[in-house]
Amino acid sequence: AGKFKRKDYLWAPTDLLWDGDINPEGMSVKFKNKSSAGETYLSGGVWILDESGASKDDPMMSYAQLGHKFKSGNMFGNVAGTIYRFKDVEDNGLLDNAEGTNTQVAGNYAGDFDSFGLSGEFGTTAVMGGKMFSVFGDYIKNSDNDEDTGYAVGFKFGDKKVSNRHQWQFKYIYADLERDAWLDIFPDSDRFGGLTGVKGNEFVLKYGLHKNVVFAVDYYDSEMD
């Protein structure tokens, strides 16, 4: 409870929906159960999105995520489904840090953003002498608006984590986020300023110069959808 790291309580393999710098405020809980088949996890919470001095009904988001991750020999994977529900957003004014790309009527949000998401990653560490290769993706579907779908797909190749000298990793993502698929306060700010209604490519290259010293290039090629 309070302010905490999103990644500890809500998993997403891409930055389609969540900028990596976002640390939510509110309350979250996570349960994990390990078995011979891997680890099943259930997380959920209520996050405060904004504070309105003129009303006691502050905009909030609640969510529940059910997922399972596993590792078997050289294979690994993670898959999850997430339900999002929003309170006091529809027909209210724009939230702080809104980019203004969601549909509006008289300066208020025209629709709700209750939605369902799917996320997954599957890979192997048995490529080129122990290098990792994985494919991953995110999908979001808003149940209340037009222009209501978003997805991102990509792959990673190289070392699973770049933290030592001469380790490296290459990643590619293609993302398409329609105008009202998601609140425009959340997406990665490096992809066309964090707008919705955008699509494009992302290329990331990381190289370890020394222990815990990493050089990285992150290139975006995006356009309005």
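Among contacts in this protein between residues at least 6 apart in sequence, what percentage join residues at least 24 apart? It is 54%. Keep in mind that we are looking at a predicted model.

Let me start with the fold elements. There are 13 strands and 0 helices.

Next, the overall dimensions. Along the principal axes, the C-alpha atoms fill a box of roughly 60 × 40 × 30 Å. For 225 residues, a compact globule would have a radius of gyration near 17 Å, and the 19 Å of this protein agrees with that.

Now the inside. Of the 225 residues, 43% are buried. The largest nonpolar core holds 26 residues, and those with the most contacts inside this core are Trp 18, Tyr 84, Phe 86, Trp 182 and Leu 183. The elements giving two or more residues to the core are β4 (60-72), β5 (75-87), β9 (131-142) and β11 (168-177). β11 gives the most, with 3 residues.

Last, surface and charge. The accessible surface is about 11,900 Å², and carbon and sulfur atoms account for 53% of that surface. The side chains include 24 positive and 35 negative ones, with the centres of the two sets 14 Å apart.

Key: Residues are numbered from 1 along each chain as its sequence is written. This is a predicted model: local features need pLDDT of at least 70, side-chain atom pairs count only at pLDDT 80 or more; totals for chains, interfaces and linings use all residues. Side-chain values use heavy atoms; hydrogens and water are left out. A nonpolar core is a set of buried Ala, Val, Leu, Ile, Met, Phe, Trp, Tyr and Cys residues joined through side-chain atoms within 4.5 Å. Buried means under 20% relative accessible area, exposed over 50%, partly exposed in between (1.4 Å probe, protein chains only). Helices (H or I, at least four residues) and strands (E, at least two) are DSSP runs, numbered from the N terminus. The radius of gyration is taken over C-alpha atoms; the globule rule is 2.2 Å times the number of residues to the power 0.38. Contact means heavy atoms within 4.5 Å. Accessible areas come from the Shrake-Rupley method with a 1.4 Å probe; for residues, only the protein chains shown count as cover. Lys and Arg count as positive and Asp and Glu as negative; His and the chain ends are not counted. The place of a charge is taken as NZ of Lys, CZ of Arg, CG of Asp or CD of Glu.
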